[in-house]
Amino acid sequence: MSAPKIQAIRGVKDILPSDIASWHILETTARNLSETFGYAEIKIPIFEATELFARSLGAATDVVEKEMYTFEDRDGKLITLRPEGTASVIRAYIEHHLWTESPLVKLYYVGPMFRHERPQAGRFRQFHQIGVEALGSASPWLDVEQLVLLNRLFLALEIAPTTLLLNSLGCPLCRPAYRDALKAFLSQRAENLCEACRRRIDANPLRVLDCKREECRALTRDAPVITGFLGSECVEHFNAVRAGLDDVGVSYVVEPRLVRGLDYYTKTAFEFTAEGLGAQNTIAAGGRYDGLVEALGGPPTPGVGFALGIERVVTLFKKGAPTSPSPDVFIATVGESAKRRVMGTLTALRDAGIKVETDYDQGSLKSQMRRADKLGARHTVILGDDELAKGLAVVRDMATKSQTDVALDGLVAHLITLLAPARRA
RNA sequence: GCGGGUGUAGCUCAAGGGUAGAGCACUGGACUGUGGCUCCAGGGGUUGGGGGUUCGAAACCCCUCACUCGCCCCA
């Protein structure tokens, strides 16, 4: 009776049937849209060699330093539960020489990710992402295309309002100069920055711009901005993305402080945010990563991609979707011989594609009727000893309350014709 | 890893030292084999766990666990 209860691991959630409809709507909408935009699904492994993530995300990244679920395999090799999907997609791209199939490869994936963080609103240790990646083209049109895809997804789901934040992080050619300038600026004001930011000056100066403390924000208000340091190629790219968005009519806010947490991003960086999610208000984020494929051992290949947090988007669904499917027919039974007959009848109806339920424990007829009503059954078949003796069953229309006697032999056929009009609709 | 908040019935929550309650849900009855509405009744709790204070603790104190929100960081 009182065996120790086992709970789900911290930060890991069950997605119960009452929530599943929103998940389905989001997933199917995203899949359809992705395919309309020319992206094909790829299924990537849940775990990979630890090395893959260390190299792709950046060894000094928080994710790699302290958030990965890493364990030793039986042969001693280090394995990590994937904290994100891009690394795997690129690994697969390289491993299967996907560039030989087409100069441009457009992929999407759906599935769980794992990060050992402290859970809070909108943040879990196992969470789910839908990710999209385009490999093989440096065209800003792809950046635009993916932003349009996200924009259309949120429109279709009626998630409003969302804000698109856009920035350019430059490339290995122009970023160092900016980094130095920013460092110099911050160092002069170090004593007035918060403790965390003082540490960041050397470790990751861009992050200081992201600090939420008012004092830090005030101090960095006129800090040098990346856009002032971009080389001509990066400027052109950034302008092209903005022009593309303008052409399509997708609005955005240029946010020079927008910084991505993972090292591999270049040029375009973006983030969609929404209200009503608590502190974690980013619902999708991504950008360009032109050096990543090469860094992982592939041919020099530009790429763009984003990931969307399913849990976060799902919580924005205000519309209550129907939870469990209502049966077409409910079978109520009275008496022993009727009870013995149920399984056969259930099976015959199900073979005909009719959704049937029954009360397996055969409560009182009243409670069975109540259950039929609660489940939303359109018809209830009453199988009682009295009817069986006469070779009949009673079919009750739950809405009109009208009942008809039906011969047992013809019961399935009768129900099929009864339900036919609705199934066509 | 660091802070704040909360743990009472399946769910949402009352009771702020003196007999653990309500609503919803569930089961049964009124209606002996017929759903929704109404009314009545019933089942269900070591008040997260452990220790302490007290004649007496759900309540006060300590520890612990869980959940939750936030920081760091991220989807």
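This is a predicted model: local features need pLDDT of at least 70, side-chain atom pairs count only at pLDDT 80 or more; totals for chains, interfaces and linings use all residues.

Colleague: Which domains does chain A have?

Modeller: The domain assignment, which is automatic or taken from a database, gives domain 1 as 17–174 + 230–314 and domain 2 as 329–419. Their C-alpha centres lie 52 Å apart.

Colleague: On to the sheets, then: in what order do the eight strands of the open sheet come?

Modeller: The order is S1-S5-S6-S11-S10-S9-S7-S8, with mixed pairing. Strands here are DSSP runs of E with at least two residues, helices are runs of H or I with at least four, and both are numbered from the N terminus; two strands pair if DSSP finds at least two bridges between them. The edges are strand S1 (40–41) and strand S8 (253–254), each of which pairs on one side only.

Colleague: How many bridges join S9 to S10?

Modeller: Six bridges join S9 to strand S10 (residues 282–288), and the two run antiparallel. Within that pairing, Phe270 stands opposite Gly286, and Ala269 has Gly287 as its bridge partner. S10 also pairs with strand S11 (residues 303–309), again in the antiparallel sense, over five bridges, and there Ala285 is the bridge partner of Ala307.

Colleague: How many residues of S10 are buried?

Modeller: Seven of the seven are buried, so S10 is largely enclosed by the rest of the structure. Buried means under 20% relative accessible area, exposed means over 50%, and partly exposed is in between, with a 1.4 Å probe and protein chains only.

Colleague: Which strands does helix H4 lie across?

Modeller: Helix H4 (residues 86–95) lies across strand S5 (105–114) and strand S6 (126–135), at about 45° to S6. Axes are lines fitted to C-alpha atoms, for helices over the stretch in contact (heavy atoms within 4.5 Å), and angles run from 0 to 180 degrees between N-to-C directions.

Colleague: And what is the order in the three-strand sheet?

Modeller: That open sheet runs S2-S4-S3 with antiparallel pairing. Strand S2 (47–49) and strand S3 (69–72) stand at the edges with a single partner strand each, so one side of each is left without a neighbour in the sheet. The twist averages 30° from one strand to the next. Four bridges link S3 to strand S4 (residues 78–81), with Glu72 facing its bridge partner Leu78 in S4. Helix H2 (residues 50–57) lies across S2, S3 and S4, at about 80° to S2.

Colleague: Changing topic, how many aromatic pairs are there?

Modeller: Rings of Phe, Tyr and Trp (its six-membered ring) pair if their centres lie within 6.5 Å, with planes under 30 degrees apart counted as stacked, over 60 as edge-to-face and the rest as tilted; by this rule the count comes to five. In one of them, Phe154 and Phe272 have ring centres 5.3 Å apart and planes at 65°, so the pair is edge-to-face. Phe154 lies in helix H5 (residues 140–156) and Phe272 in strand S9 (residues 266–274), so the pair ties together parts that are 118 residues apart in sequence.

Colleague: Are those two, Phe154 and Phe272, buried or exposed?

Modeller: Phe154 counts as buried at 2% relative accessibility, and Phe272 is buried with a relative accessible area of 2%. Elsewhere, Tyr264, Tyr265 and Tyr289 form one aromatic cluster.

Colleague: Which ring does the charged end of Lys106 sit over?

Modeller: The charged end of Lys106 sits over the ring of Tyr39, 4.7 Å from its centre; the rule asks for NZ of Lys or CZ of Arg within 6 Å of the ring centre and within 35 degrees of the ring normal. Arg242 has its charged end over the ring of Phe238, 5.5 Å from the centre.

Colleague: Last one: where is Lys267?

Modeller: Lys267 is in strand S9 and counts as buried at 6% relative accessibility. Leaving aside neighbours within four places in sequence, Lys267 is in contact with several residues, including Glu233, His237 and Asp290.

Conventions
Residues are numbered from 1 along each chain as its sequence is written. Chains are lettered from A and ligands numbered from 1 in the order in which they are written. Side-chain values use heavy atoms; hydrogens and water are left out.
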